[in-house]
Amino acid sequence: MKKALTILVIEDNQGDFILLEALICSLSLNVQNIIHTTTLGDALTVLPGIKPDIIFLDLFLPDSKGLNAFKNLYLAVAEVPTIVLSGLNDIATSVEALSLGAQDYLVKGGFDKNGLEKSMIYSIERKRVELKAISSEEKYRQIFYNNPLPTFIYNTTTSKILECNVVTLKEYGYTREEFLDLTIQDIVKGKKKMLGIERSCDDRDKKKEEYEFWHHKKKNGEIMFVVLNTCAIEHDGFIVCQVQVQNVTKQIKLQKKLECQQKQKQHQITQAAVNAQEKERNEIGREMHDNINQLLAAANLYISFFLSSTKKDLQMVMKGKDFVNDAMKEIRAISKNLVPPSFLEEEFIVSLEQLMIPLGQTKMIKIETSWHPFIESMLNNQQKLSVYRIIQEQTNNIIKHAAASLIKISLNIEAGRMLLSVKDDGKGCIINKKTSGIGLQNITNRARLHNGSAKFVSQPDQDFELQVLFKLRHFTPNKTSGDVK
């Protein structure tokens, strides 16, 4: 041992001290200083100033007898290794001193140079290891008790909870005495979940993450969702399981709420689509019944009259043929609204202009259009179809509800976005849930299909404007710009 040692000897017998001093000086140890006191009181007085590396203590001193001598010394300098000096009749007391923290005991007159050196070296080393273990344990205790998450320890054999920190008590709502009187079964909802915790403490079990979330019960019966981090540790000589608890109840409830909202939204979209299909079927059925059926019935009537008449009047056949032609025109008109225009066969702007032709021919509504010259190359076919259907839907809404005399339609590209505006000078309305019918919902849904948005701007007795925005993924600015009317 290279370190220079300071040794304190507490011995009231001068002869015993001289013999011990001589043996110490003969050792191979690097002894720097030997300090001698004859009473425990004197030793306690000089201890703060000398900081010894090892102490020799006689158990029977003028001011302290037996174990009391060691206990009083240990209270003052527990970190210093102490060797008890014992007479033959004091061995039982010396052994008991070992259980209280002494490092070794030597029987006076019963040890030699080698025994003394070995005892001193072992005592210093044992105390060093002991202090290191105490320091490590204290650090663990600080981590355990000051952990911001609920943390507790339980016996994997008996399931009894052995220790916990303050945060655990706050989270579960128990007092310390109440919580330490519980077992795992008392806080885990369901036997299957409890087994999952035990498996997670066993490194040999490959199914330790079988359950992602756990259901734990508070004192008031409230159930909380938790995620557990577990590990096996030694506690009071036994291997136990330490559990760190993360309460994720708020996150789970929020996730379920969002999932519910998404399901409701999807249900609304699906219902809107179904309603739109039913509406379209009803309109087709009404057109077939009220218009085409009447035309065909009239044609059948004229042809039947011609066939049953003795006088063959060709005018009857011609009139029947006219009614059939009218019915065919009506069917073509209905089909045109149902079948998507072929943008691959003709230009997109041409298709939009053709969509406006029937409105202009009535002379009742004036149509003004403004198309971006490069819109043809900026939109894919799906986007073109959505724009076509949105314009078709909104113009139908205007004809049915707006009592408008002017419709302005513009389609432009600005900063990588497509902007569609359909505006009329009709009677307008207040935009709310009641007025946002299936037609407007269909427009909104079509816009969302392309990560876009639809906005409706109107007030009673004012203009109504539909504004639709699409973000274009592949956009290259072009210096040439302008409107084609």
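This is a predicted model: local features need pLDDT of at least 70, side-chain atom pairs count only at pLDDT 80 or more; totals for chains, interfaces and linings use all residues.
The chain comprises 485 residues, of which 37% are buried. Its secondary structure consists of 15 helices and 17 strands. Of the contacts between residues at least 6 apart in sequence, 61% link residues at least 24 apart.

Strands β1 and β2 run parallel and are joined by 6 bridges. In this region isoleucine 10 lies opposite threonine 37 of β2.

Strand β1 also contains threonine 6. The relative accessibility of threonine 6 is 11%, and because residues under 20% are classed as buried, threonine 6 counts as buried. Apart from neighbours within four places in sequence, threonine 6 contacts Gln32, Asn33, Ile35, Ile50, Lys51, Pro52, Asp53 and Ile54.

Helix α2, spanning residues 40–50, packs with α3, spanning residues 67–76, at an angle of about 10°, and the two axes are 11 Å apart. With this angle, α2 is roughly parallel to α3. Helix α2 contributes Leu40, Leu44 and Leu47 to the contact, while α3 contributes Ala69, Asn72, Leu73 and Ala76. Classified by type, the residues of the contact between α2 and α3 are 6 nonpolar and 1 polar, with no charged residues.

The buried residues of α2 are Leu40, Ala43 and Leu47. Viewed down the axis of α2, these buried residues fall within an arc of 45° and therefore line one face of the helix. In an α-helix there are 3.6 residues a turn, so residues three or four places apart point the same way. Thr45, Pro48 and Gly49, on the other side of α2, are exposed. The packing partners of the buried residues of α2 are β1 (5–10), β2 (31–37), β3 (54–58), β4 (60–61), β5 (64–65) and α3. Lysine 51 follows α2 and has a positive phi, near 50°.

A further open sheet is formed by 5 strands in the order β9-β8-β12-β11-β10, with antiparallel pairing. Strands β9 (161–164) and β10 (214–217) stand at its edges; each pairs with a single strand, so that one side of each is left without a neighbour in the sheet. Isoleucine 233 has valine 240 of β12 as its bridge partner.

Key. Residues are numbered from 1 along each chain as its sequence is written. Side-chain values use heavy atoms; hydrogens and water are left out. Axes are lines fitted to C-alpha atoms, for helices over the stretch in contact, and angles run from 0 to 180 degrees between N-to-C directions. Helices (H or I, at least four residues) and strands (E, at least two) are DSSP runs, numbered from the N terminus. Angles under 35 degrees count as roughly parallel, over 145 as roughly antiparallel, 65 to 115 as roughly perpendicular and the rest as oblique. Contact means heavy atoms within 4.5 Å. Ala, Val, Leu, Ile, Met, Phe, Trp, Tyr, Cys and Pro count as nonpolar, Asp, Glu, Lys and Arg as charged, and the others, Gly among them, as polar. Buried means under 20% relative accessible area, exposed over 50%, partly exposed in between (1.4 Å probe, protein chains only). The arc is that of the directions from the helix axis to the C-beta atoms. Two strands pair if DSSP finds at least two bridges between them.
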